[in-house]
Amino acid sequence: MDYLIAKIKRMSNPAHYKVLSGHTTFQFEVDDYSLVEYSPDHNLDEDGLFKISDFTEKGYCLDFLKQDLVSTSFNEIPADKYKKVSYLCAIQESAICFQKVTPSTYLNRSLLKFGENVTIENSDNKILINPFPDAVFIPSQNILVFRNLGTISSIFKGVDALYKEATHEEVNSFLNEPFIALSDGYDASRVSKPNRKRVALAIESFAGLEGEEKTQIMDYIHEYCENISYDEGEKKFSISNDEELKFLLYGIEQRFYTTILGDEKRLANSVQTLG
Amino acid sequence: MNLIFRLLLTFNATSLLVIIFLVQKGYALGHFFPILCPYLVDVSNYTSYFVYLLVPVLMTWLSIVMCPKLGKDEFKSGAVVSIEHANNSFLPSYLGYFFVALSIGSPEALFFVYGILFVFTFLSQALYFNPLFLVFRFEFYNIVTSDGASIFLISRNKYKLPKDVVIQTAYRINNYTFIEKV
């Protein structure tokens with residue numbers, strides 16, 4: 001039997017309460033989606049969802065997902081706690097669906113109800129259920145699937161560690177790498193948020209390169225990014241704005257390619273490892 | 001809904017106190033409304049006692065009928081790890097009711113004692129042991145679920161082993177008491 005539980009804010013032991021049972025809250029089939037292992041710089045396709053594999057082994061996995069769930073173990077939610085729900089969790093046949101509850105999820109408006117007589121209904125004590133859950137745990141595959149990491153980070157505390165953004169110091173030390181020359185007063189404080197994310201990834205990728213490979217990468221970037229001025233003697237790229245930095249970072253991630261037919265130079269703004 | 005149901009169960013569980021008091025004092029039906037319903041005066045004591053007993057029996061039946069209005073839960077196979085038959089555990093508390101009822105002297109005392117008992121039974125919520133469920137062929141069980149929680153189960157099935165307890169729909173009377181209505 002499917003049932004729905006709610007996590008109550010600022011309450012522990014127990015923090016989860018049973019809301020209702022015998023009703024399927026979310027219609028969700030994981031097979032309808034193509035799953036991509038989470039990576040902060042991946043742009044999801046329309047039918048795509050991120051997944052986190054081996055989820056129960058992760059530190060941010062909720063304790064109650066690690067054991068067999070028994071609905072009788074959850075107390076019934078006291079009516080006065082409805083305003084303090086932080087998320088809903090629907091335990092269903094093959095999936096455990098989560099929906100974050102924010103103040104905007106509560107309906108606080110008057111509703112016009114048509115029928116024999118038209119009446120105004122006050123919508124107190126109502127929580128809006130989204131057509132699509134924010135996160136879904138599939139026990140049979142031990143994966144968590146979701147669309148937006150930011151939304152679920154309040155449900156799974158610590159999961160936002162996956163969303164790396166370089167700190168000011170890291171950006172600073174990256175921009176001081178010998179192959180970068182800053183110009184036009186561009187510095188670490190002017191690096192945009194998306195670029196900080198890319199810097200965090202690029203630091204890792206760059207650290208994994210040997211000396212010869214680094215030179216190859218420099219030549220590769222120079223070949224594709226004619227808009228970034230490159231000093232071949234000193235092997236330095238001159239970076240004067242966010243856009244140039246973005247292309248340099250894409251280059252380090254080897255996002256440029258040439259089509260087989262037509263020799264068109266292209267940039268892949270989202271990548272996925274095959275095989 | 002739950003509140004009404006719990007009040008009903010509390011009444012069923014404690015009503016025996018009033019009946020024993022009435023029987024002990026020899027109050028027949030005619031004693032209550034001699035002017036309004038004079039024909040009741042002729043009703044024999046035995047018939048009166050039987051009528052008294054009928055009230056909680058009907059109320060218990062009503063509470064069983066009302067069960068499906070409660071929250072539902074499921075016991076999957078493997079959800080229960082230990083089971084203990086608990087039909088007899090209500091006896092000490094019921095003997096308590098008997099002695100209290102027998103020693104009450106006046107209707108005022110009954111009113112007061114019953115009031116206190118009702119409130120405590122209602123609030124404790126654990127003591128819904130109602131021997132009248134036995135009349136309706138229900139059995140009482142203490143079960144422990146796979147995650148260690150202890151639950152009181154009322155069911156018509158004669159469970160013997162934990163693995164026998166597989167229930168599609170059990171109704172939740174409160175967080176520690178469930179009833180299976182077959």
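Read along its sequence, chain B follows the pattern α-α-β-β-α-α-α-β-β-β-β, that is, five helices and six strands. Helices (H or I, at least four residues) and strands (E, at least two) are DSSP runs, numbered from the N terminus. The model is predicted, so that local features need pLDDT of at least 70 and side-chain atom pairs count only at pLDDT 80 or more, while totals for chains, interfaces and linings use all residues. Residues are numbered from 1 along each chain as its sequence is written, chains are lettered from A and ligands numbered from 1 in the order in which they are written, and side-chain values use heavy atoms, with hydrogens and water left out.

The C-alpha trace of chain B spans about 60 × 30 × 30 Å along its principal axes. Of the 182 residues in chain B, 43% are buried; buried means under 20% relative accessible area, exposed over 50%, and partly exposed in between, with a 1.4 Å probe and protein chains only. Among contacts in chain B between residues at least 6 apart in sequence, 72% join residues at least 24 apart, where contact means heavy atoms within 4.5 Å.

In chain A, helix α4(A) (residues 211-224) has 14 residues and reaches 21 Å from its first C-alpha to its last, close to the 20 Å expected at 1.5 Å a residue. That expected span is 1.5 Å times one less than the number of residues. The buried residues of α4(A) are I217(A), M218(A), Y220(A), I221(A) and Y224(A). They cover an arc of only 165 degrees around the axis, and therefore lie on the same side of α4(A); the arc is that of the directions from the helix axis to the C-beta atoms. On the other side of α4(A), G211(A) and E212(A) are exposed. The elements of chain A against which the buried residues of α4(A) pack include α3 (193-207), α5 (242-252) and β17 (256-258).

Two packed helices are described by the angle between their axes and the distance between the axes. Axes are lines fitted to C-alpha atoms, for helices over the stretch in contact, and angles run from 0 to 180 degrees between N-to-C directions. The axes of α3(A) and α5(A) come within 9 Å and cross at roughly 35 degrees. The residues making this contact include V199(A), A202(A) and F206(A) of α3(A) and L245(A), L249(A) and I252(A) of α5(A). By class, the contact of α3(A) with α5(A) comprises seven nonpolar, two polar and three charged residues; Ala, Val, Leu, Ile, Met, Phe, Trp, Tyr, Cys and Pro count as nonpolar, Asp, Glu, Lys and Arg as charged, and the others, Gly among them, as polar.

Helix α2(A) (residues 168-175) also packs with α3(A), at an angle of about 65 degrees and with the axes 10 Å apart. H168(A), E170(A), V171(A) and F174(A) of α2(A) meet R196(A), V199(A), A202(A) and I203(A) of α3(A). Five nonpolar, one polar and two charged residues form this contact.

Two loop residues of chain A remain to be described. D184(A), in the loop between β14 (180-182) and α3, has a positive phi of about 55 degrees although it is not a glycine. D184(A) counts as exposed because its relative accessibility is 64%. D263(A) lies in the loop between β17 and β18, and its phi is near 50 degrees, a positive value in a residue other than glycine. With a relative accessible area of 59%, D263(A) is exposed.
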